[in-house]
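Please look at the sequence and the model together while reading.

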Amino acid sequence: MATKEEDQTVGLMPKCRLLCQGAEGRVFETKYWKKKAILKQRFDKMYRHPILNKKLTRQRLGMEVRGMMKARKLGIKTPTVLLVDQETNSIVMEKMPGIMVKDWLKAGKYSEADLDTVLATIGKMVANLHDGSLIHGDLTTSNMIIRTESLDITFIDFGLSFNCSAQNGPEDKGVDLYVMERAFLNAHADLPGLFEKVLGAYEGETSLWKSTFNRYSEVRMRGRKRSMVG
Amino acid sequence: MTKGKVTICMGFEGSANKIGVGIVTSEGDILANPRETFITPPGTGFLPRETALHHQQVIVPLVQKCLKEANLTPKDIDCLAYTKGPGMGAPLVSTAVVMRTLAQIWNVPIVPVNHCVGHIEMGRLVTGAVDPIVLYVSGGNTQVIAYSEKRYRIFGETIDIAVGNCLDRFARCLGLSNDPSPGYNIEQLAKKGSQYIEMPYNVKGMDVSFSGILSFAEDTVVKMLKKGTATKADLCFSFQETIFAMLVEITERAMAHCNTQDVLIVGGVGCNKRLQAMMKIMADERGGVLYATDERYCIDNGAMIAWPGLLAFGQGDTIPVEESSVTQRYRTDDPVINWRDD
């Protein structure tokens with residue numbers, strides 16, 4: 001892992017400063033035409049077989065860019081994609097001001113009304129994504145950026161996103177909601193009831209509530225009641 | 001824990017095809033930990049009734065062997081811990097019956113233990129890991145776990161079958177031996193494989209799904225072997241590479257999400273050296289440490305029940321004999337972990 005201090009050249013971009021190492025790749029801060037930008041590079045995962053690694057890296061780079069573009073068309077705030085380089089598996093995108101919703105929730109410097117607004121916004125945004133047949137695939141509070149003054153939310157990390165078919169829609173959306181529920185429950189165990197508010201806003205916004213909710217309840221039962229032997 | 005006095009616990013584990021009795025002290029010393037495994041012929045798995053019968057036949061000699069190895073008499077035992085669940089009903093009941101009988105003859109208190117928590121606490125004891133992300137992989141479980149607010153919380157898990165179950169069934173379609181375990185035989189054969197065959201890869205956030213790759217394997221394996229386009233070794237190699245990459249990926253996701261650097265692998269599949277090696281590469285890349293144990297503690301055993309039993313005993317969590325029931329379904333995040341204060 002490179003040190004945070006030094007500037008380095010990553011792919012096509014000089015002067016990149018390492019911000020963090022996410023699960024998918026390294027995230028750097030850089031400049032693109034004098035504007036602050038983020039560079040996300042999927043480096044080779046040495047633990048994976050080279051063939052598998054190449055396939056997944058390619059696939060996810062594509063899915064991430066397509067997911068961000070589609071979300072934007074659906075009216076969801078995502079960073080603007082500035083540059084994609086398939087040679088070095090890197091994406092340069094707009095740097096969104098703000099902090100992770102996870103950190104915002106953990107810091108706890110907000111009013112009850114602010115919290116309700118934020119949870120409702122998240123619920124509506126997910127509903128809009130789903131109504132447009134886009135599944136995010138990794139809806140955790142680390143993948144949502146909040147601007148603390150305006151409470152604007154941006155979704156990031158579309159590496160696992162995909163378009164769902166009409167046939168599999170309810171299942172995929174149900175799983176997406178279930179992943180989000182557990183992310184809220186586990187990362188914010190000290191703040192119960194957050195996900196219920198998100199789901200409430202989702203219900204108010206989506207036009208496909210019944211089929212999605214029924215399937216989500218089913219997915220939930222699968223997770224909770226599965227017999228566990230061994 | 002009782003201050004000043006060392007307490008001793010005997011633990012009983014029999015939730016699947018292993019039956020184990022272990023003796024552990026409150027200092028964390030493992031005095032004895034014998035185990036017997038019910039092994040079925042190639043191409044078959046273990047059924048609840050036959051497994052229970054096996055356990056019933058070997059458990060009493062196992063208790064005697066355990067006491068002898070530890071060089072103790074029943075008078076030295078302060079409490080008995082047993083697996084309350086999760087697991088197969090009949091084997092769980094058989095084990096609990098023996099434990100209850102001994103508790104009444106020896107007149108000692110009983111402590112119930114969640115099997116999954118047993119694996120985690122044993123892993124922490126043996127490796128010295130403090131607060132790692134835990135990958136728990138066995139025949140019945142596939143979970144990515146992190147401790148928070150007095151519970152072991154499940155961040156990711158399989159949405160269909162467990163990884164060990166997937167490996168067992170894959171071994172069955174190749175006709176591999178179940179001795180010492182199907183997973184071990186796949187691991188050995190995989191070392192001779194060279195050709196990588198692409199197989200379905202399914203990760204959903206921090207969750208995984210193995211049903212797709214298993215159906216693919218079941219459909220394709222026989223065809224490929226007949227045509228001679230791949231050997232059994234190639235198939236084992238590709239199968240392992242694919243499912244382990246999925247496991248390492250969800251573990252890495254949880255590590256990034258929780259901001260944790262260290263990882264602990266527990267459960268029967270955890271003794272697979274290839275899985276450990278892949279996990280180590282990932283942990284190194286993140287500047288973290290991989291903690292893993294060998295087959296003595298990865299695979300179900302009595303000590304892994306005795307140790308958390310002692311931790312709970314130290315908090316006064318004993319139950320009367322009439323409450324010492326078993327349950328097949330018992331989530332990892334169900335029991336309150338009142339011996340941890342962080």
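A residue counts as buried if 20 or more other C-beta atoms lie within 10 Å of its own, as exposed if 12 or fewer do, and as partly exposed in between, with C-beta atoms placed from the backbone. Of the 230 residues of chain A, 43% are buried. The model is predicted: local features need pLDDT of at least 70 and side-chain atom pairs count only at pLDDT 80 or more, while totals for chains, interfaces and linings use all residues. Residues are numbered from 1 along each chain as its sequence is written, and chains are lettered from A and ligands numbered from 1 in the order in which they are written.

Chain A contains six helices and 11 strands; helices (H or I, at least four residues) and strands (E, at least two) are DSSP runs, numbered from the N terminus. The C-alpha trace of chain A spans about 50 × 45 × 40 Å along its principal axes.

Chain A is divided into domain 1 (10–94) and domain 2 (99–225), with bounds from an automatic or database domain assignment. Their centres, taken over C-alpha atoms, are separated by 23 Å. Domain 1 of chain A and domain 2 of chain A each give 14 residues to the contact between them, where two residues are in contact if their C-beta atoms, placed from the backbone, lie within 7 Å.

Between the chains, 41 residues of chain B are in contact with 30 residues of chain A. On the side of chain B that touches chain A, H7(B) gives the most, with eight residues.
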